[in-house]
Amino acid sequence: MEVVHTITELRTRIREYRRINDQSVGFVPTMGYLHEGHASLLRKAREQSGLVVLSIFVNPLQFGPGEDFERYPRNTERDLELAEASGVDLVFMPDVKEMYPSANRTIVSVEGVTARLCGASRPGHFDGVATVVSKLFHIVQPDQAFFGLKDAQQIAVIEQMVFDLNLDVEIVPCPILREADGLAMSSRNVYLSKEEREQALVLSQSLMQAKAFVESNRLFTSEQLISKVSRHIETAPLAVIDYVEVLSYPSLEPLEAVSSSDDDTIIIALAVKFGKTRLIDNLILQVRK
Ligand code: AMP
């Protein structure tokens with residue numbers, strides 16, 4: 001495994017690889033502080049691609065004022081160990097100056113799928129994501145890029161961007177990895193106090209209850225599902241709901257009577273704050289017609 005810090009070095013390595021290999025280049029973009037969720041993406045890339053490229057870059061552009069850019073957790077040594085163990089060939093770790101030598105005057109802004117969920121509660125967040133992913137795609141020029149469904153709206157945004165801009169990359173969505181008790185793995189889980197960590201279980205529990213409800217009812221409204229999920233989350237005294245929404249996926253449009261809609265894939269998505277820590281989780285379900 002090789003670690004490079006500059007765009008020039010990375011391009012040189014990938015060009016060398018492509019000159020002598022006829023295999024695909026797989027790419028996993030991350031913000032580091034890697035956990036098993038990231039490792040699952042890297043392993044998938046290892047299975048499907050000839051060269052596995054991992055980027056670790058905490059992208060300031062996707063953090064709003066007052067968000068956790070400064071205190072976002074970092075541990076390079078542990079990240080590189082996990083990367084090596086997961087079969088990564090090339091790690092790209094640029095600093096902010098390398099990615100943004102001067103203020104970016106070109107911003108990639110995806111409309112529609114960003115109107116709700118984190119797009120609504122974190123203004124500018126997905127412009128930051130789409131811009132950095134677009135830059136990284138141009139730098140790496142991967143054949144496949146692997147993203148986690150933990151950030152399901154992010155996948156919808158990237159897929160829309162790839163479609164609209166005719167980018168020549170296959171987006172591979174990967175399942176959410178969870179702790180043994182159900183909490184979705186996230187670099188931000190380290191922020192949680194012991195009490196918050198215990199109470200954060202209501203997130204995955206509420207989604208499991210929603211799943212059971214969907215499986216046992218043929219016709220129901222989004223409101224019913226939303227209130228069921230919200231009520232369970234509210235049993236945790238430290239939980240403050242940012243949003244609970246039921247939408248079509250991947251178009252992310254509102255639904256009324258769920259089983260009579262045209263779109264039969266739905267997402268139940270939620271964002272909940274515990275103290276200063278904002279956690280997201282979701283469940284994508286096939287609704288029987
Ligand atoms: P991040 O470092 O948080 O920006 O995440 C980098 C990539 O890892 C994104 O595609 C995430 O969706 C994915 N990821 C983060 N947590 C998980 C998880 N628990 N399971 C699967 N993928 C994840």
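**Notebook: contacts, backbone and domains**

I started with Q199 and listed its contacts, skipping residues up to four places away in sequence: Q199 touches A236, P237, L238, A239 and F274. The model I am reading is a predicted one. Q199 belongs to helix α8, which covers residues 194-199. The relative accessible area of Q199 is 16%, and the cut-off for buried is under 20%, so Q199 counts as buried.

Next I took S186. I found S186 in the loop between β6 and α8. With its neighbours within four places in sequence left aside, S186 is in contact with H35 and K150. Is S186 buried or exposed? Its relative accessible area is 17%, and I noted S186 as buried.

I read a relative accessible area of 8% for S134, which is buried. Setting aside neighbours within four places in sequence, I found S134 in contact with V108 and M161. I also checked a distance across the chain: S134 and L165 are 31 residues apart in sequence, and their C-alpha atoms are separated by 9.7 Å.

**Helix pair**

I stayed with α6 and looked at how α1 meets it. The axes of α1 (residues 7-20) and α6 (residues 125-140) come within 9 Å and cross at roughly 45°. That angle makes α1 oblique to α6. Which residues make the contact? From α1 I listed I7, L10, R11 and I14, and from α6 I listed H138, I139 and V140. Sorted by class, the contact has five nonpolar residues, one polar and one charged.

**Backbone**

The peptide bond from Y249 to P250 is cis, and its omega is near 10°. P250 sits in the loop between β7 (239-248) and β8 (265-274).

Y33 has a phi near 50°, which is positive although the residue is not glycine. I placed Y33 in the loop between β2 (25-30) and α2 (36-48). N166 also has a positive phi, near 55°, and is likewise a residue other than glycine. The loop that holds N166 runs between α7 (152-164) and β6 (170-174).

Are Y33 and N166 buried or exposed? Y33 has a relative accessible area of 16% and is buried. For N166 the value is 66%; exposed means over 50%, so N166 is exposed.

**Domains**

Last, I looked up the division of the protein. I noted domain 1 as 2-174 and domain 2 as 187-287. Their C-alpha centres lie 26 Å apart. How many residues does each domain give to the contact? Domain 1 gives 22 residues and domain 2 gives 20 residues.

The size of an interface is often given as the accessible area lost when the parts come together. Between domain 1 and domain 2 the buried area is about 1,900 Å², and carbon and sulfur atoms give 55% of it. On the domain 1 side, I noted R71, R116 and L117 as the residues that lose the most area to domain 2. Together these three account for 33% of what that side buries.

Key: Residues numbered from 1 in each chain as written. Predicted model: local features only at pLDDT ≥ 70, side-chain atom pairs only at ≥ 80, totals over all residues. Heavy atoms only, no water. Helix = DSSP H or I, 4+ residues; strand = E, 2+ residues; numbered from the N terminus. Buried < 20%, exposed > 50% of the residue type's maximum accessible area, 1.4 Å probe, protein only. Axes fitted to C-alpha atoms, helices over the stretch in contact; angles between N-to-C directions. Parallel < 35°, antiparallel > 145°, perpendicular 65-115°, else oblique. Contact = heavy atoms within 4.5 Å. Nonpolar A, V, L, I, M, F, W, Y, C, P; charged D, E, K, R; others polar. Domains from an automatic or database assignment. Buried area = accessible area lost by both parts, 1.4 Å probe.
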